[in-house]
Each structure stands twice: as structure tokens, then as C-alpha cells.
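Subject: Handover of a structure and findings

Dear colleague,

Please find the structure below, handed over for your use. A written account of the findings comes after it.

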Amino acid sequence: MSLAVHELRTPVTVVCGYIRMVLKEHGGPLTDKQKKMLQEAERSCERISALVAEMSDLGKLESSELAVARMDVDVCGLLAELASDMHEGEDRGVRLDVRAPNRPVTVIGDRARLSVAIKTLLHAALRERGEPGVIVAECSVIDGAPPCAVLAIGEEHALPSLVAASLGIPPPFDEWRGGLGLALPVARRVIEALGGALWSAPGERPRAGSALRLPLRT
């Protein structure tokens, strides 16, 4: 993985750099049609760069080389913050409904990496809703040994089974999906590095939702 990242990063950086130089008309004036084509090429180049960065993170997480911070994180507050800036699915009539206790639910974690992981799960759930409707993101506390914060994301009917799965050994997580790069595999490994777990909805419709749990700060 690290070798692939090294071999890909240099040519991708060069291609992106030259596209930006041409767009700034360092090589001469461009027509509107040429600008449009180059802008599409630049967006695709940025997607490849993001994928290379995800490959790098995934490789480091697999080998425990990527350090994760340890700080107090209000996971419900973080969820509300991310949801307020989430617009995926709005053009298709898909709405995000956040449900959380009216108090902080604090875990020990890496706020920046946890933010990216939760945002990825929200994006995936909204993206995969094929018709108008509501995706629910529900934050709750489960009393156990140790007590945990549970965040369930999905269709309404899937939430009870998602939350119930947190009490035992949860089902596996469906992380390999087209169009999302390596963001879901990275999200799972970040959550596991923080002592948590991530799983998909049990049963015949695993993509109906996903949930994560993290130990509460006690």
C-alpha cells in the first residue's frame, strides 16, 4: 500500500499542477469550451489525489502507524454540527433527521478523524437512499460494561435492530461500495483504533443503515 501511494502521488501532483497552470492561462488564452474541459479534468485529478491520501491513511491504520489523538469529544454535538452542513440528497427530496439527548455525550477520541468518519457515514446513507424520504441519525447511551455512546444512521425501521446489535458482537460492516473511494474502510479503522466498533444493519438489507459505538468517558 505504501509503495502504491508513493508511486501514484508524484505523477498525480504533477498532472494537477500543470492543469492548474493551464487554467490560469500561463500557456496562453483559453476558450470557454477548453476551460470547461480542463475544469472537469481538474476535479477528476482532485478525486484521484483524495483517493491516494485515503490509501495512505488506510495503510498506516492497518499497520498501526497512524497516531490518533485522545481528547474529550461530545459525539452528539459533533453529529449536530456535521448534520447542519450536510446537503447530500436535498435535490432528491432526502432529508436528514438528527435525534440526540439534550446533554453532552462525551467519548475519548480524535475529533478531526472522528468528524471525517461520521461525515462519511452520513454521506453514504443519504447517497444510497434512492427515493424521497428521511434518514435518521440517532445518538444514544447504552449502559453496559463499559457504557457506550451509540450512533445509528439509517432508515427509521432499521434503527432498533442497529442499536440492539451494540449489546453483543455486532454484524460486519459493509465497507466496499462504489463511488465512495476508501472513505468507509478508513472510517471503520479509525473507530476501531479508538476502541469502538462499526457495523451495518443486520439482516437482508445491510445498506439500510450503519451504527458505531465508542466507550463513554467515565
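The following paragraphs cover the disulfides, the nonpolar cores, the cavity and the pockets.

This is a predicted model, in which local features need pLDDT of at least 70 and side-chain atom pairs count only at pLDDT 80 or more, while totals for chains, interfaces and linings use all residues. Residues are numbered from 1 along each chain as its sequence is written, and side-chain values use heavy atoms, with hydrogens and water left out.

Disulfides

There are two disulfides, the term standing for a pair of cysteine sulfur atoms within 2.5 Å. One joins Cys16 to Cys45, with an S to S distance of 2.2 Å. The link of Cys16 and Cys45 is left-handed, at -110° about the S-S bond. Cys16 lies in helix H1 (residues 2–23) and Cys45 in helix H2, so this pair ties together parts that are 29 residues apart in sequence. Helices (H or I, at least four residues) and strands (E, at least two) are DSSP runs, numbered from the N terminus. Cys16 counts as buried at 5% relative accessibility, and Cys45 is buried with a relative accessible area of 7%. Here buried means under 20% relative accessible area, exposed over 50%, and partly exposed in between (1.4 Å probe, protein chains only).

The other disulfide joins Cys76 to Cys139, with S to S at 2.2 Å. The torsion about the S-S bond of Cys76 and Cys139 is about -85°, so this disulfide is left-handed. Cys76 lies in helix H3 and Cys139 in strand S4, so the pair ties together parts that are 63 residues apart in sequence. Both Cys76 and Cys139 are buried. With the bonded cysteines of the protein chain numbered in sequence order, the pairing reads 1-2, 3-4. Cys148 is in no disulfide; the nearest cysteine sulfur is that of Cys139, 12 Å away. Cys148 counts as buried, at 13% relative accessibility.

Nonpolar cores

A nonpolar core is a set of buried Ala, Val, Leu, Ile, Met, Phe, Trp, Tyr and Cys residues joined through side-chain atoms within 4.5 Å. The largest has 46 residues, and those with the most contacts inside it are Leu96, Leu114, Ile118, Leu122, Ile153 and Leu212. Elements that give two or more residues to this core include helix H2 (32–62), helix H3 (75–84), strand S4 (133–142) and strand S5 (148–154). H4 gives the most to this core, with eight residues. Leaving aside its neighbours within four places in sequence, Leu114 is in contact (heavy atoms within 4.5 Å) with Val73, Leu78, Val107, Val190, Ile191, Leu194 and Leu214. A second, separate core has 14 residues, among them Val136, Ala152, Ala158 and Ala165.

Cavity

On a 1 Å grid over the protein atoms alone, a cavity is a set of points where a 1.4 Å probe fits but cannot get out, and a pocket is an open set with protein on both sides within 12 Å along at least five of seven lines; lining residues have an atom within 4 Å of a point. Grid points are joined across faces, edges and corners, and a volume is the space filled by probe spheres set on the points.

The count comes to one cavity of 30 Å³ or more. The largest cavity has a volume of about 70 Å³. Its lining includes Leu121, Glu128, Ile153, Phe173, Arg177 and Arg207. Helix H4 (111–128) and strand S7 (209–215) are the elements that give two or more residues to that lining, and the largest share, four residues, comes from H4.

The largest pocket holds about 280 Å³ of space. Of the 14 residues that line the largest pocket, the closest to its centre are Glu54, Val116, Ala117, Thr120 and Ala183. H2, H4 and H6 each give two or more residues to this lining, and H4 gives the most, with six.

The second largest pocket holds about 170 Å³ of space. It is lined by Glu46, Arg47, Ala50, Leu51, Glu54, Gly179, Leu180 and Gly181. Gly179 lies in the loop between helix H5 (159–164) and H6, and counts as exposed at 58% relative accessibility. The C-alpha atoms of Gly179 and Glu25 are separated by 32 Å, the two residues being 154 residues apart along the chain.

Yours sincerely
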